[in-house]
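Please read the following note beside the model.

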Amino acid sequence: ACGGAASGPHLGKLPPAGVPANGAALSAPKVVDFPYFSLYNLLVRRRVSVFLGESRHQLDAKNRLRVPAKFRSELGGKYVVTVGSNECLCVYAYDKFADYVAKLESIPSFDLQAQRSIRKILSLASEVEPDEQGRFILPANLKDFAKIDKNIVINGAGSKVEIWSEEKWDSYSAIENFDQELAEIGTKYGV
């Protein structure tokens with residue numbers, strides 16, 4: 001009947017809140033840690049260096065450039081500078097360059113087009129040690145490759161730092177329809 005007491009083996013008095021019908025106590029929900037999906041874990045716990053930002057500088061009379069302080073601590077006391085795409089230079093922390101070389105060496109030697117680029121990257125690479133002020137002399141062959149006269153732009157580029165001729169950077173980075181390019185990247189790479 002309506003409103004009467006429930007009867008039968010499966011019906012009756014409801015258990016208190018937080019206790020399932022079988023009488024066992026509920027345990028606290030498990031917290032799942034997703035170490036590879038957390039930006040904090042990627043950047044701090046795993047010590048992944050991410051270089052960000054842009055700085056404009058000039059070479060001095062001795063062809064020295066000053067690495068911005070925000071990049072120096074992550075790059076360490078010794079760097080490798082080499083050629084990159086679009087006539088820029090790439091700066092790697094010395095120990096991170098070894099990882100980059102390992103990736104390059106994994107490319108089959110019979111891929112002749114790739115080997116040509118790899119040879120250029122490695123043959124023009126230069127180890128540099130900055131002075132106390134974070135300056136190092138830019139080797140002439142790298143300066144010529146990047147068409148650097150005096151004014152430079154130093155960019156954070158994720159796992160590396162890039163050095164550009166200011167004129168080249170301003171031309172390269174002048175994107176007329178950034179939203180369209182960003183949408184294409186998102187569609188193509190799922191970003």
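The points below take the cavity, the pocket and the surface patch in turn.

1. This is a predicted model, in which local features need pLDDT of at least 70, side-chain atom pairs count only at pLDDT 80 or more, and totals for chains, interfaces and linings use all residues. Residues are numbered from 1 along each chain as its sequence is written, and side-chain values use heavy atoms, without hydrogens and water.

2. The count is one cavity of 30 Å³ or more. On a 1 Å grid over the protein atoms alone, a cavity is a set of points where a 1.4 Å probe fits but cannot get out; a pocket is an open set with protein on both sides within 12 Å along at least five of seven lines, and lining residues have an atom within 4 Å of a point. The largest cavity holds about 30 Å³, and its lining consists of Val67, Leu75, Val91, Ile154, Val161 and Ile163.

3. The largest pocket has a volume of about 260 Å³. Of its eleven lining residues, Tyr92, Lys96, Asp99, Lys103 and Ser159 lie nearest the centre. The largest contribution, four residues, comes from α3.

4. Ile175, Phe178, Leu182, Ile185, Tyr189 and Val191 make a nonpolar surface patch of about 640 Å². Patch residues have over 30% relative accessible area and no salt bridge; like charges are joined within 9 Å, nonpolar side chains (Val, Leu, Ile, Met, Phe, Trp, Tyr) within 5 Å. A salt bridge is a side-chain nitrogen of Lys or Arg within 4 Å of a carboxyl oxygen of Asp or Glu. Val191 lies in the segment after α7 (178-189).

Terms used:
Grid points are joined across faces, edges and corners, and a volume is the space filled by probe spheres set on the points. Accessible areas come from the Shrake-Rupley method with a 1.4 Å probe; for residues, only the protein chains shown count as cover. Helices (H or I, at least four residues) and strands (E, at least two) are DSSP runs, numbered from the N terminus.
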